[in-house]
Amino acid sequence: MSQAIAFYFLSACILGFAVLVITTRDTVHSVLFLVLDFLFVAALYVLLGAQFVAAIQILVYAGGIVVLYLFVVMLVNLKRPPEAHQDPHRRTNWGLALSVAVLVELAIVGGYSYARPAPAFAAPSPAAPFTGNTEQVGWLLYTSYLIPFEVASMLLLVAMIGAIVLAKREL
Amino acid sequence: MITSTHYMLLSAALFMIGVIGVMVRRNIIIIFMSIELILNAVNINLIAFSAQLQNVVGQVFAIFVIAVAAAEAAVGLGIILAFYRNKETVNIDEMNLMRW
Amino acid sequence: MVDAVVIPLLKILIVLNATLVAVTYMVLLERKVIAWAQSRLGPMRVGPYGILQPIADAVKLMIKEDITPVRADKWVFTAAPIISMVPALIVYAVIPFGPKITIFGRQVSLYITDINVGLLYIVSVASVGVYGIILAGYASNSKFPLLASLRASAQLISYEVAVTLTLVSVILMAGTLSMVGIVDAQYNQHVWYVIAQPLAFVLVLVGGLAETNRAPFDLPEAEQELTGGFHTEYSGMRFALFFLAEYANMIVVSSVVTTLFLGGWLPPFPNTAPLHFLYAIPSWVWFFLKSFFFLYVFIWVRATLPRYRYDQLMRLGWKVLIPLAILNLVVTGIVKVMLL
């Protein structure tokens, strides 16, 4: 019961802030709504028992990636007056048409699943008390998925070098 | 009774909000942020199924998605900055020349 | 019902109130200590030996005129100090002041909660605190605060990397991310981690100084640079909130360093027979003594060392602290695998 209340509240906030992200005129406000969105998504992860991924979401997404976006927005807006921050060319009609189509689709899927509900979530198994969530994730990352882990670190290194080279004034 | 279908519907709605953001807005930074919304929707799906099947692999995959999103955001924003320095615009309708 | 709801609420109330009072009196402590370091007396007029000075400061800041710059973003302008203050306060949810003790016949743990990713929670929340500074500079709609806030946030995110890498070696030694678990690990290993990880201790202390924008890393908010940094346009209660947020962050860093390196609530060389008489002093008194010592070190460093220039600051963070943190991590890993 409390899980249902938490889920509905969190998903209302997530979807509400996501809509605000794509509809706000001012870019900086858009970025701030994105941060709030990510914080609520992290709360949803905690509800699902994935505490490590929730902390990583806040640390990397909300505290790293969106700060990068905020920096770029501010650097791009430095020389322009505040009125030029708005986006006068957006295609609002396309957006409304697509939203209606999506809502109809989601309603159909929702109705279908209401008629034949999916199996319930198994309770977070108390059978693994000595290894918490972080240890399980770490164990998998370093044994079965070691190669993707190393490849991801190479990818981040390449991205770091690429971003530095791209943003330099002269090479 | 919250089942995985609820999480899938939430993820689908968030995904479509991101797609609509990409198609409707013309400011390239907002388009990049909508792509981040899409990646988050995928992550919600992964974690929800990881919780239902009681298998931690979903969370491992979600961490990789977050790492890839970080790399993509860094390089994409570098490209935007380099472009802005040359052409002084962030409207993608005006980013239509390969070379000038 | 009482255990699940009333006692945590009571703990939150006590911790929040104590923090806010402590932050207010930190102002007085800083002025007094810096004055004594400069052979003068500091505030002496308000109350005996200046004890009531913080109350006078609070009243002054509250009745000051509330100025918002023209064409500043009103919502963001108001939200920035709040975003600065909130992360400093919510970190207290995981800091352990002591173990489980019995009060009035009831088992009460002297921490609000113990989550199994406690240290990661602290680092994540600290990384969200950067937004307050960025938004303060942006919302002021003025050149100097904007540049100062970009500098300050660049400094913060650079030192965040170094501190997080260093904390990984502490986690490696303790084997757990939970704060109570780290203190227990120091209890079981009979040693404070300041002795087992001296380099990590120094790195976290220096990184903590830079993270809280304290001297000698306080270039972004010094009055002689960029006319006052990112809080130039702020006055009255909003400025007070920034000020208090900085002191709250200082207390947080002191508490975290105490928990991770000085054993939290444990006396020196815990769990060894000859030193058992030290347990006569209550656990939370040990915690406060050690935190207070670090607060004094913060103020002492401010009174003593000159300010780093911005490029020297960034060079220190990226070219000195991060390689040292990685070296520390590698050495800790090797030692832990081979010896323990």
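Me: In this predicted model, how far apart do the closest C-alpha atoms of chain B and chain C lie?
Reply: Two residues count as touching only if their C-beta atoms, placed from the backbone, lie within 7 Å. By that test, no contact joins chain B and chain C. Their closest C-alpha atoms lie apart by 15 Å.

Me: Which chains share the most contacts?
Reply: There are two pairs of chains in contact. Chain B puts 60 residues against 71 residues of chain A. The pair with the most contacts is chains A and B.

Me: Which element gives the most to the side of chain B that touches chain A?
Reply: Start with the 60 residues of chain B in contact with chain A. The elements giving two or more residues to that side are α1 (4-24), α2 (28-53) and α3 (57-87) of chain B. By class, the side has 42 nonpolar, 14 polar and four charged residues. The top contributor, with 22 residues, is α3(B).

Me: And how many charged residues are on the side of chain A that touches chain C?
Reply: That contact takes 16 residues from chain A and 17 residues from chain C. On the chain A side, α2 (27-47) and α3 (51-76) each give two or more residues, and α3(A) has the largest share with 11 residues. By class, that side splits into 11 nonpolar and five polar residues, and the charged count is no residues.

Me: Which element of chain A has the highest mean pLDDT?
Reply: Chain A averages a pLDDT of 84, and 84% of the residues score at least 70. Among its elements, helix α4 (residues 92-115) has the lowest mean, 84. The highest, at 94, belongs to α2(A).

Methods:
Residues numbered from 1 in each chain as written. Chains lettered and ligands numbered in written order. Predicted model: local features only at pLDDT ≥ 70, side-chain atom pairs only at ≥ 80, totals over all residues. Helix = DSSP H or I, 4+ residues; strand = E, 2+ residues; numbered from the N terminus. Nonpolar A, V, L, I, M, F, W, Y, C, P; charged D, E, K, R; others polar. pLDDT = per-residue confidence, 0-100.
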